[in-house]
Amino acid sequence: MTTLLAIGTAKGLFLATSDGGRSGWEVSGPHFPMTGVYAVAVDARPGAPRLLAGMTSSHFGPSVATSDDLGASWDEPEQAPVAFPADTGATLGRVWQLVPAGPDEPGVVWAGTEPSALFRSTDGGRSFTLVRSLWDHPHREQWGAGFGGQAVHTVLPHPRDPQRIVVAMSTGGVYRSEDAGASWLPGNTGIRAYFLPDEWPEFGQCVHKVARDAGNPERLYAQNHHGVYRSDDDGRTWTSIAAGLPSDFGFPMVAHPSRPGTVWTFPLIADAQRFPVDHRCRVFRSADAGGKWEPLSVGLPEQPFYPSVLRDAMCAGEGGGVYFGTRSGEVYASRDDGDSWSPVAAHLPDVLCVRAAEI
Amino acid sequence: MVTVLVPGPLRGEVGGASRLTVEAAGSVGAVLDALAVSWPRLARRIRDERGELRRYVNVYVDGEDCRHTGGVAAPVADGAEVRVLPSVAGG
C-alpha cells in the first residue's frame, strides 16, 4: 500500500507519497501553482481513486479539478464545475470543502462554498448543483462572515444513512438534514456564542470544524471559536468537552477513521492570541470522546513554536496515520495515532488543508 | 472582427495562442460572450458567473482600460484590439 497525502497550500497543491511504513516521503508539486488550494479530497470509493482539488486564483477565480491518475494529470471542465445560478445574484468566492458521500451513493460529492452554500455532484465532482433548500433557508440573511469569509467549511454525510447530512459554517453554526438535504434545521443547542448579546442563540455560532465519529456516527465533535463540544444525538444538542484541554480555542477537529471516541485537535491560546498554547507544538488527543485529553509532541519541534494549524490542515487516515500542516509550511505525520511524529515536508507555503488515503 | 490578446498565464486554455480573433464587436461583454462560445474556460477566468470582470483582471480596448469606459459595457469597435492583462496583485 502507498500512503498519499494531499497538501493544499496558499500557493498550490503538493502530493506526498510514502510506501510501506511511511518512513520516507516523496513530494511533488506545486500542482496549480499560485492558487490557494482550500479543499482537497481523495475519493477512495470502489473504482479508481480520484483526487479532487478546489483551488482559487486571486486573478482568475475559483474552480475544481479532478485527477484519476493520482495527480499525474488533472482535468478541469470547460464549464465552471461550481457556480451560482444567475437568479441567486451570488458569485463563487471559493470552494472550502469537497467530500465524497458514502459508499451507497457512488458519484455523489458534496462541496461547501463561500458564500455559505452547499453544492452536490452526482458525477464524481465534475459538475455540481446548488442545494436550494439550504440557500433558501430563512436564516441565511442572518449568517455572518468570520475573518476567513462566510463559508460552509464542513460537510458530513452520514456513513450509513444517505438521508442524513450535517454542515457547519462560520458564522452560522451547525445545520442538519434528515431528508437528504431537502430541509435543514439548526443544530446548535448547547454551543455558546460569547461574541453575541444572546450567548445561546438558535444559530449564529462560529463553529470552526466538526468531525463525525466513524465508529459511532451519531456522535460529533466540534471545535468552536472558543468552545470544544460533543454531540451524541447527531448534532441536535452539544455538551462541552473542553475540560482537560489547555485552551478551548483552535481550528481543527479530527476523528479517528474507525475507532470510536478518538479525536485530535490543536489548541491555540485564544481568539486574541492565535499561537499554540505555551508556544509549544502539541497536538491533543482524547481516546474517550473528550473525557480526558493528552498532549502529543514526540518528534515535533521543541523550540518555541508560533504557527497555527488551520481547520482543514489536520486529518487522520488508516493504520494509525495522523497528519497536520502549519501556516509555516511544515507537515508532520504520525503512524501511531499521534504518539510520535516525523516530518513529511518543510518550507512549503502556508498549509490550508491535508487529506490522506491508502491507495 | 476583434483581436483578443491573451496573457501568458491563460494561453494554456487556448492551445498556447497569444492572440485570438472573434466575430464580435459592440462591447467588451459581447466580445467576452463570443469568446465563451469557443473557449468557455478562458472566459470564466476573466469574468465571474454574473458576467462581471474578475477583480484582478483588466481588459484594455485599444489601450484604454475598459473600467474607465463602462466596464463590460465599454464600446468595442469592429477591428479593435482587446488586451486581457492580469493586474498587479498577490503576494
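Ala289(A) is found in the loop between strand E24 (283-286) and strand E25 (294-296) of chain A; helices (H or I, at least four residues) and strands (E, at least two) are DSSP runs, numbered from the N terminus. This model is predicted, so local features need pLDDT of at least 70 and side-chain atom pairs count only at pLDDT 80 or more, while totals for chains, interfaces and linings use all residues. Residues are numbered from 1 along each chain as its sequence is written, and chains are lettered from A and ligands numbered from 1 in the order in which they are written.

Although Ala289(A) is not a glycine, its phi is positive, at about 60°. With 18 C-beta neighbours inside 10 Å, Ala289(A) counts as partly exposed; a residue is buried if 20 or more other C-beta atoms lie within 10 Å of its own, exposed if 12 or fewer, and partly exposed in between, with C-beta atoms placed from the backbone. Leu70(A), likewise not a glycine, has a positive phi of about 60°. Leu70(A) belongs to the loop between strand E6 (61-67) and strand E7 (94-100) of chain A, and is partly exposed, with 19 other C-beta atoms within 10 Å.

Cis peptide bonds also occur in chain A. One joins Gly29(A) and Pro30(A), with omega about 0°; Pro30(A) is part of strand E3 (residues 26-31). Another joins Glu114(A) and Pro115(A), again with omega about 0°, and Pro115(A) lies in the loop between strand E8 (109-114) and strand E9 (117-121). Most residues other than glycine have a negative phi, and most peptide bonds are trans.

## An antiparallel sheet

In chain A, 3 strands form an open antiparallel sheet in the order E19-E22-E23; two strands pair if DSSP finds at least two bridges between them. Strands E19 (249-250) and E23 (273-276) are the edges, each pairing on one side only. Strand E22 (residues 267-270) pairs with E23(A) over 2 bridges, and Ala270(A) stands opposite Gln273(A) in E23(A).

## Nonpolar cores

The largest nonpolar core has 103 residues, of which Ile7(A), Val210(A) and Val354(A) touch the most other members. Such a core is a set of buried Ala, Val, Leu, Ile, Met, Phe, Trp, Tyr and Cys residues joined through C-beta atoms within 7 Å. A second, separate core of 24 residues includes Leu32(B), Leu35(B), Leu42(B) and Ala74(B).

Beyond its neighbours within four places in sequence, Val354(A) has contacts that include Leu5(A), Ile7(A), Met314(A), Tyr323(A) and Val331(A); two residues are in contact if their C-beta atoms, placed from the backbone, lie within 7 Å.

## Chain B and the interface

Chain B has 2 helices and 7 strands, in the sequence pattern β-β-β-α-α-β-β-β-β. Its radius of gyration is 12 Å, close to the 12 Å that the globule rule gives for 91 residues, so chain B is as compact as a globular protein of that length; the radius is taken over C-alpha atoms, and the rule is 2.2 Å times the number of residues to the power 0.38. Buried residues make up 32% of the 91 residues.

Glu52(B) lies in the loop between helix H2 (40-46) and strand E4 (57-61) of chain B. Glu52(B) is exposed, with 12 other C-beta atoms within 10 Å. Between chains, 12 residues of chain A are in contact with 13 residues of chain B.
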